[in-house]
Amino acid sequence: MVPLSPSPLGFSSSSIPTTSFLFFRATHISKRFGLPGKGIVCAGDRTGVSFRGGVLRRELVLLGLSSSSSAALLFPSSASIAQEELQMASLVDEINAYTYSYPTQLPSKKFTFKWVESRKPERYSSAAPLSPDARLRIVSERVDIIDNLVISVSVGPPNFQIIKSKDKSTWTAKEVADSVLADKSALRVTSSQRVVESSVLDAHSNDANGEPYWYYEYLVRKSPTKMAQEPNLFRHNVASTAERDGYLYTLNASTLGKQWDKMGPFLEKTVASFRLLPLSENYVPPYKDPWRFW
């Protein structure tokens, strides 16, 4: 067994030596993401779970870009949060009618998350846009600056240049992921050094209360060029999207790529908890009073 580096919270992963084929694939992925080819550890995944997007989780483990844990069956991976009593709190946004749970403490490790509500829940018309066309907007956000964590909820219409059908029962998770990420894109550079901003690693769907939820995992390059130092190059994201009234509601959680093994399992649990709520009198649909900013 070749042990991978233990996490500061006490979690560790183990690996199984693999064939030269996996080493070749790891080298190929390292070139694709602009990562150094040296120092690759050959490691296998006990589950053998593969991504439908064409990239194997066990290969990404070789590059330190994949989770060592999972949330239920939504984000399958090599291990679980063994014997941990993770304490979580719930957020309920009645304006946009959704809820999710987020981690607060790991009592056994005497670890406390340091969340700050950077954006309180607000109506779509007054929310912060994520792109110049203002289609996709953040309606709430909380951050843990110390541990470099971000949880946000965004709302926006589907991008029908990517999603060809208006029947959501026919949508694939990859189409939904690409639609959200296309409207989320913020990099604006023309340099020949520009590289791909985001790469979807996994995309799949599940039903909850008769409604489809699309789950996806992806990397975002923080810098549009290859000049940034490797440890600060990527943010690792997981997200869940649901549709209502012609709009996509997305919960996104992220951390630095180098912290994924430590924080990823908790973010996966958060994303798995995301649900749209029955509408109340406080609900404000995104299409209502689009000119109103208060």
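In the predicted model, Lys168 is partly exposed, with a relative accessible area of 21%. This residue lies in the loop between β9 and α3 and is joined to Glu243, in strand β12 (residues 234-244), across a separation of 75 residues. The side chains of Lys168 and Glu243 form a salt bridge with an N to O distance of 2.9 Å. Glu243 counts as buried, at 14% relative accessibility.

A salt bridge also connects Lys168 to Glu211, where the closest N and O atoms are 2.7 Å apart. Because Glu211 belongs to strand β11 (residues 211-221) and Lys168 to the loop between β9 and α3 (173-184), this pair ties together parts that are 43 residues apart in sequence. Glu211 is partly exposed, its relative accessible area being 34%.

Lys114 is partly exposed at 36% relative accessibility, whereas Asp147 is buried at 7%.

With regard to the chain as a whole, four helices and 14 strands are present. Of the 294 residues, 52% are buried. Among contacts between residues at least 6 apart in sequence, 58% join residues at least 24 apart. The accessible surface of the chain is about 14000 Å², and carbon and sulfur atoms account for 54% of that surface.

Note on methods
Residues numbered from 1 in each chain as written. Predicted model: local features only at pLDDT ≥ 70, side-chain atom pairs only at ≥ 80, totals over all residues. Heavy atoms only, no water. Helix = DSSP H or I, 4+ residues; strand = E, 2+ residues; numbered from the N terminus. Buried < 20%, exposed > 50% of the residue type's maximum accessible area, 1.4 Å probe, protein only. Contact = heavy atoms within 4.5 Å. Areas by Shrake-Rupley, 256 points an atom, 1.4 Å probe, with all protein chains shown as cover. Salt bridge = Lys/Arg side-chain N within 4 Å of Asp/Glu carboxyl O.
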